[in-house]
Structure formats: C-alpha cells, structure tokens
Amino acid sequence: EAMAWRAAAAVSLSALYAARGRTDALLVRAWAWLQTGTSSLPRAFRHDHWEWALAVLSFGAIIHAYLLADRAVAAADRKGRVHPWKKYRLHDQNELVKHRRRTGRGGDGG
C-alpha cells in the first residue's frame, strides 16, 4: 500500500510539473482579476473580508485530512496491517504507553 501512495504522489507531482506553464498563466489571470475586478469577490479580497473564510476553509481541510488518515489507519488495523501513519495517531501512542505501564517496560512513550 505504501508503494501505491508513493506512486500516486509521484504522478501528482509530475502532473503539476508538466502543467506548470498553464498553471502559472491561470494564477496570473486570477491574481490580476483579484486585484482589479469590480465584482464582490475581488472587492472583498482587497478589503480583508476573506480572511475568516480562508481560516475556516483551511481548518476544515486539515480536519478532514486527519479524518481520512484516521480511517486509513483503522482500515489497515482491521486487515491486520500496520499503516505507516499509525505512529502519528495520538490514540495509538496512548495505547502504547498504557501497554508499557501494564507490562512494566516504562511509560514515557519514548
């Protein structure tokens, strides 16, 4: 499964690199529109009314990324595999500390 994720990341980065000219052109057009446009979105962008929306959307994206990662780790657990992200889950770290305390091997988690 790790190889599949690495392949997906390589393909995504390669696609971004291959389309960088078109992406750059789109970003230049979008930036010019945001700086000079007269509709409500560019005006709000120029007057800092967008910051709360950006914060909320960014937080939502981060929370959903954690949710998807947690589900991937749980699915790997059900299949009897150790997911590479398992070491980053706080729940699993806490369970490891509790297990070490019960078995007398120390409880500092490290």
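K98 is partly exposed, because its relative accessible area is 34% and that class covers the range between buried, under 20% relative accessible area, and exposed, over 50% (1.4 Å probe, protein chains only). The model is a predicted one, in which local features need pLDDT of at least 70, side-chain atom pairs count only at pLDDT 80 or more, and totals for chains, interfaces and linings use all residues. Residues are numbered from 1 along each chain as its sequence is written, and side-chain values use heavy atoms, with hydrogens and water left out.

K98 forms a salt bridge with E95, their closest N and O atoms being 3.3 Å apart. A salt bridge here is a side-chain nitrogen of Lys or Arg within 4 Å of a carboxyl oxygen of Asp or Glu. Side chains of opposite charge can pair when their charged atoms come close. Both K98 and E95 lie in helix α5, 3 residues apart, about one turn of the helix. E95 has 32% relative accessibility and therefore counts as partly exposed.

The count of salt bridges comes to 2. In another pair, D77 bridges to K86, with 2.8 Å between the closest N and O atoms. D77 is partly exposed at 32% relative accessibility, and K86 is partly exposed at 23%.

Leaving aside neighbours within four places in sequence, D92 is in contact (heavy atoms within 4.5 Å) with V73 and K86. Is D92 buried or exposed? Its relative accessibility is 14%, so D92 counts as buried.

The chain as a whole has 5 helices and 0 strands, where helices (H or I, at least four residues) and strands (E, at least two) are DSSP runs numbered from the N terminus. The radius of gyration, taken over C-alpha atoms, is 22 Å, well over the 13 Å of the globule rule for 110 residues, so the chain is more spread out than a compact globule. That rule is 2.2 Å times the number of residues to the power 0.38. Along its principal axes the C-alpha trace spans about 65 × 35 × 25 Å.

Of the 110 residues, 9% count as buried. Among contacts between residues at least 6 apart in sequence, 11% join residues at least 24 apart. The accessible surface comes to about 9200 Å², of which 65% belongs to carbon and sulfur atoms; the areas come from the Shrake-Rupley method with a 1.4 Å probe.
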